Amino acid sequence: MSMSHFVLPTLTLRFFPIWRRQWLVWRKVAVPAILGHLADPVIYMLGLGYGLGSLLPEMGGTSYIAFLAAGTLCYSSMNSASFESLYGAFARMHEQRTWEAIMNTPVTLDDIVLSEILWSATKSLMSGVAVLIVIWILGLSNSLMSMWMIPLVLLIGLAFAAVGMIMTALAPAYDFFMYYFTLVITPMMLLCGVFFPVTQLPEALQALATALPLTHAVDLARPLMNGAVPTQAAFHIAVLLAYALAGFYISLVLFRRRLSR
Amino acid sequence: MNPVIQAKGLQKSYAGHRVVDGLDLAIRKGECFGLLGPNGAGKTTTLRMLLGLIAPDAGTATLLDLPVPQAAREARIKVGVVPQMDNLDPDFTVAENLLVYGRYFGMHDSEIEARIPDLLEFASLTSKRDAKVPTLSGGMKRRLTLARALVNDPDVVFLDEPTTGLDPQARHLIWQRLNALTQQGKTLLLTTHFMDEAERLCHRLAVMDNGKLISQGSPRELIESNIEPQVVEVFGETAGQWANAHAATYAQRHEVSGESVFCYVHDAQPLVVHLQAQSALRYLHRPANLEDVFLKLTGREMRE
């Protein structure tokens, strides 16, 4: 690996035409895409929320389905960003060679990686807002504080998109992403307080959960949905930002190495 | 005037293997320059270094008077690229491909929209304006890739094997368009392994093998300086035996390839008279061409 791969990224507005490209593709499939964003999280939330919720008097001071609503928002944002930054970006880099076409113009790899992360975060934002609207319609959150979920799902999107890009930079083929989903994404969904409070876990698993970004997302989301100010908000935000920045830098270094051939 | 593209002592190795080995090039404004070489000769790596997409291990390069890769981004504002493999956007129509690509050069939508009709006309794709890319034929895709490379009105166009995989009709149309571009004063740098393409399009050529330039000049110069002017090809089951016995008598140089013998001569007359008497052999007498030069310089073994 050459030293030039480690240079800090040059950030410019040149990422924007690439973002617009993705937007133009997405617009062509907008309706099925939105339904796709909604179906999985809403079915989980309603099924578990009402089904399991009827057996549980309350959780964390609210009904179980309201408890689940905050977690659902977080994990569905995580999933949208992860899918886009893995499968979507890999297709554009490897299969369609879209990146190669773009790099022949004045746009650089730094701009491309930035735009991919921002685009995946945009998908998180869109799916998060769609789920949030369902939550509001069902009356599962009545607080104005829940509006803060909009920037939060964007931040969750940035963190998971950036980490996902590391996988994309390393992936030889699509199959590789199965490992990431089964070994990283699914465990996070189960360990980070989406379905039950992290404090229910044995101490070792609690310590692990604290290191994972989704825990910090849920710790921010749950109070906001209930109209409370999250404790240690700055710390949780800082952890998510750190994942986003580290993921961006590490993936960029790896992409530079991969594409310098 | 400074050369539009210049390379001095370019070197690049991958995993200890030297892919480009001390390459010097100077391409003048308005010329069509061809880089020839067998697969793996280092042509694509050379193009990528000249575009500033990869950094050389040693040596320097300039593109439109700007050092690359240091100022590659600025240089590429006035460069168009037709890559070896199509990388059009499959989700978009023909016109959308041009619009989206123009934006990468910082052009405004109105500016690009104004150019699209001319670009489509140039590529003979006017009627396909709203067709999706997957519905286009191979030749149409290549022409769209060429139109896309011209969206920013470049001064220099890089073409990496622009006609590989096309049928003769599609190739001829691409050639016509490339000739039109040189007439407009654009500088073209193309790689190819079709010798007829190189001979027809290029003002100057360089033959590359194992990362080095082994010969350079106009198609005519390359033929004159590297090879005897006449070729007699001899075919037949006994051609090999015939070559052992007689070829050296009549030909300055000869090569046996399967059941064919290629005889390179200054004066073909005595050989032709001799062959007319050999009933078991057929022969073809023709002037030497670029393919003969290429095979002489790079050998007949397969490269894979």
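**Exercise 1. Which strands of chain B does helix α9 lie across, and at about how many degrees does α9 run to β13(B)?**

Before we start: this is a predicted model, where local features need pLDDT of at least 70, side-chain atom pairs count only at pLDDT 80 or more, and totals for chains, interfaces and linings use all residues. Residues are numbered from 1 along each chain as its sequence is written, while chains are lettered from A and ligands numbered from 1 in the order in which they are written.

Step 1. Find α9 at residues 239–250 of chain B. Helices (H or I, at least four residues) and strands (E, at least two) are DSSP runs, numbered from the N terminus.

Step 2. Look at what α9 lies across: β11 (230–235), β12 and β13 of chain B.

Step 3. Read off the angle, about 5 degrees to β13(B). Axes here are lines fitted to C-alpha atoms, for helices over the stretch in contact, and angles run from 0 to 180 degrees between N-to-C directions.

**Exercise 2. Work out the order of the four-strand sheet in chain B and find its edges.**

Step 1. The order is β12-β13-β11-β14, an open sheet with antiparallel pairing. Two strands pair if DSSP finds at least two bridges between them.

Step 2. The edges are β12 (253–257) and β14 (282–287) of chain B; each has a single partner strand, so one side of each lacks a neighbour in the sheet.

Step 3. On average, neighbouring strands of this sheet are turned by 15 degrees against each other, direction ignored.

Step 4. Zoom in on one pair: β12(B) and β13 (residues 260–265) of chain B are antiparallel over five bridges. In β13(B), B:Val261 is the bridge partner of B:Val256.

**Exercise 3. Describe chain A and the side of it that touches chain B.**

Step 1. Count the elements: chain A has 10 helices and zero strands.

Step 2. Check the overall shape. A compact globule of 261 residues would have a radius of gyration near 18 Å, and chain A agrees with its 19 Å. That radius is taken over C-alpha atoms, and the globule rule is 2.2 Å times the number of residues to the power 0.38.

Step 3. Go to the contacts: 21 residues of chain A meet 21 residues of chain B, where contact means C-beta atoms, placed from the backbone, within 7 Å.

Step 4. On this side of chain A, α1 (16–28) and α4 (98–103) are the elements that give two or more residues. The largest share, six residues, comes from α1(A).

Note on methods
Two residues are in contact if their C-beta atoms, placed from the backbone, lie within 7 Å.
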